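Take a look at the fold shown here before reading on. The tour goes from overall form to a few individual side chains.

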Amino acid sequence: PGVLAGGGVLHATDSTAATALAHARLAFTQLAGMPMNVLVPVVNIGGMTLVPGVYKFAVAAEITGDLYLDAMGDADAIWVFQIGS
């Protein structure tokens with residue numbers, strides 16, 4: 001499953017892997033459950049400037065060109081992108 005460089009350790013089925021999987025599942029559940037505050041009606045968000053928020057795309061999203069994330073001076077700003085399949 002790839003190459004480990006620099007003496008790295010592969011954690012495929014041990015407790016480290018199980019912990020990482022549990023944390024990933026928790027993060028996914030928390031992010032997916034955040035209430036949306038912007039429904040994005042377009043698929044391509046290239047060229048747009050987005051302020052912090054939870055953005056929901058019904059089916060897909062793509063970025064053609066530059067996407068600007070404007071934190072509006074907030075060092076703790078976050079953007080969440082919920083993208084359907």
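The radius of gyration used here is taken over C-alpha atoms, and the globule rule is 2.2 Å times the number of residues to the power 0.38. By that rule a compact globule of 85 residues would come out near 12 Å, but this protein has 17 Å. Keep in mind that the model is predicted. The C-alpha trace spans about 40 × 30 × 30 Å along its principal axes.

Next, the elements. The protein has one helix and five strands. Read from the N terminus, their order is α-β-β-β-β-β. Buried residues account for 13% of the 85 residues. Consider contacts between residues at least 6 apart in sequence: 37% of them join residues at least 24 apart.

Now the aromatic side chains. How many aromatic pairs does a search of the whole structure find? There are two. Tyr55 and Phe81 form a stacked pair, with 5.7 Å centre to centre and 20° between the planes. This pair links distant parts of the chain. Tyr55 sits in strand β3 (residues 53–57), Phe81 in strand β5 (residues 79–83), and 26 residues separate them. Tyr55, Phe57 and Phe81 together form one aromatic cluster.

Are Tyr55 and Phe81 buried or partly exposed? Tyr55 has a relative accessible area of 4%, so Tyr55 is buried, the cut-off being under 20%. Phe81 has 32% relative accessibility and therefore counts as partly exposed.

Phe81 also takes part in a surface feature. With Leu69 and Ile83, Phe81 makes a nonpolar surface patch of about 260 Å². Leu69 belongs to strand β4 (residues 68–69). Its relative accessible area is 42%, so Leu69 is partly exposed.

Finally, turn to Pro52. This residue is placed in the loop between β2 (49–50) and β3. Pro52 is partly exposed because its relative accessible area is 28%. Which residues does Pro52 touch, not counting those up to four places away in sequence? They are Asp70, Ala71, Met72, Ala77, Ile78 and Trp79. Take Ala71 from that list. Pro52 and Ala71 are 19 residues apart along the chain, and their C-alpha atoms are separated by 6.1 Å.

Key: Residues are numbered from 1 along each chain as its sequence is written. This is a predicted model: local features need pLDDT of at least 70, side-chain atom pairs count only at pLDDT 80 or more; totals for chains, interfaces and linings use all residues. Side-chain values use heavy atoms; hydrogens and water are left out. Rings of Phe, Tyr and Trp (its six-membered ring) pair if their centres lie within 6.5 Å; planes under 30 degrees apart count as stacked, over 60 as edge-to-face and the rest as tilted. Helices (H or I, at least four residues) and strands (E, at least two) are DSSP runs, numbered from the N terminus. Buried means under 20% relative accessible area, exposed over 50%, partly exposed in between (1.4 Å probe, protein chains only). Contact means heavy atoms within 4.5 Å. Patches are made of residues with over 30% relative accessible area and no salt bridge: like charges are joined within 9 Å, nonpolar side chains (Val, Leu, Ile, Met, Phe, Trp, Tyr) within 5 Å. Accessible areas come from the Shrake-Rupley method with a 1.4 Å probe; for residues, only the protein chains shown count as cover. A salt bridge is a side-chain nitrogen of Lys or Arg within 4 Å of a carboxyl oxygen of Asp or Glu.
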